[in-house]
Amino acid sequence: MKTLETKIQMLEEMIGDPEKLNRAVYDVIAASDMNHDEQLSRAEFQKVLQDFGIGDFDTIEDLFLSLDRDGNGSINFKEFRHFFRAQTRIKLQHLKDLQMMKEKTKEKTKVKPVWGR
């Protein structure tokens, strides 16, 4: 199991390195692209979002329509990359917030020596 620090480092590297980001986007598309047209149909996109933990049909449909910028009924690499990068940034910030809370909790629970008692 990866540590919180390791996850943060991996996401920072991915966001900072266009090649790593492109590879991650390509891997997600390739894993979900059932007809191998290098795009995500509505059904394929729905599967991706369900894997991300989003299962509400209306939310998925709204997101699909907002990402399909050229209106061709599918999401291409560039369209999905924009979404994936934004989601990765959100996840990174969430993990950093968790790390900060963990550190604050650790500081509060440290046993402080009481001298002279």
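**Pocket and helix packing in a predicted model**

Student: In this predicted model, which residues line the largest pocket?

Tutor: The space in the largest pocket comes to about 220 Å³. Its lining is made by Leu11, Met14, Ala24, Val28, Phe52, Phe84, Gln87, Thr88, Ile90 and Lys91.

Student: Which helix gives the largest share of the lining of the largest pocket?

Tutor: Three helices, α1 (4–16), α2 and α5, each supply at least two residues of that lining. The largest share, five residues, comes from α5.

Student: How are α2 and α5 oriented to each other?

Tutor: Helix α2 (residues 18–32) packs with helix α5 (residues 77–108) at an angle of about 110°, and their axes are 10 Å apart. Angles of 65 to 115 degrees count as roughly perpendicular. Therefore α2 and α5 are roughly perpendicular to each other.

Student: Which residues of α5 make the contact with α2?

Tutor: The residues of this contact, taken from both helices, divide into ten nonpolar, one polar and two charged. From α2 come Pro18, Leu21, Asn22, Ala24, Val25, Tyr26, Val28 and Ile29; from α5 come Phe77, Phe80, Arg81, Phe84 and Arg85.

Student: Is the pair of Phe80 and Phe84 stacked, edge-to-face or tilted?

Tutor: The structure holds four aromatic pairs. In the pair of Phe80 and Phe84, the ring centres are 6.1 Å apart and the planes lie at 40°. Planes under 30 degrees apart count as stacked and those over 60 as edge-to-face, so the pair of Phe80 and Phe84 is tilted.

Student: What separates Phe80 and Phe84 along helix α5?

Tutor: Phe80 and Phe84 are four residues apart in helix α5. Their separation is therefore about one helical turn.

Technical notes: Residues are numbered from 1 along each chain as its sequence is written. This is a predicted model: local features need pLDDT of at least 70, side-chain atom pairs count only at pLDDT 80 or more; totals for chains, interfaces and linings use all residues. Side-chain values use heavy atoms; hydrogens and water are left out. Axes are lines fitted to C-alpha atoms, for helices over the stretch in contact, and angles run from 0 to 180 degrees between N-to-C directions. Angles under 35 degrees count as roughly parallel, over 145 as roughly antiparallel, 65 to 115 as roughly perpendicular and the rest as oblique. Contact means heavy atoms within 4.5 Å. Ala, Val, Leu, Ile, Met, Phe, Trp, Tyr, Cys and Pro count as nonpolar, Asp, Glu, Lys and Arg as charged, and the others, Gly among them, as polar. On a 1 Å grid over the protein atoms alone, a cavity is a set of points where a 1.4 Å probe fits but cannot get out, and a pocket is an open set with protein on both sides within 12 Å along at least five of seven lines; lining residues have an atom within 4 Å of a point. Grid points are joined across faces, edges and corners, and a volume is the space filled by probe spheres set on the points. Rings of Phe, Tyr and Trp (its six-membered ring) pair if their centres lie within 6.5 Å; planes under 30 degrees apart count as stacked, over 60 as edge-to-face and the rest as tilted.
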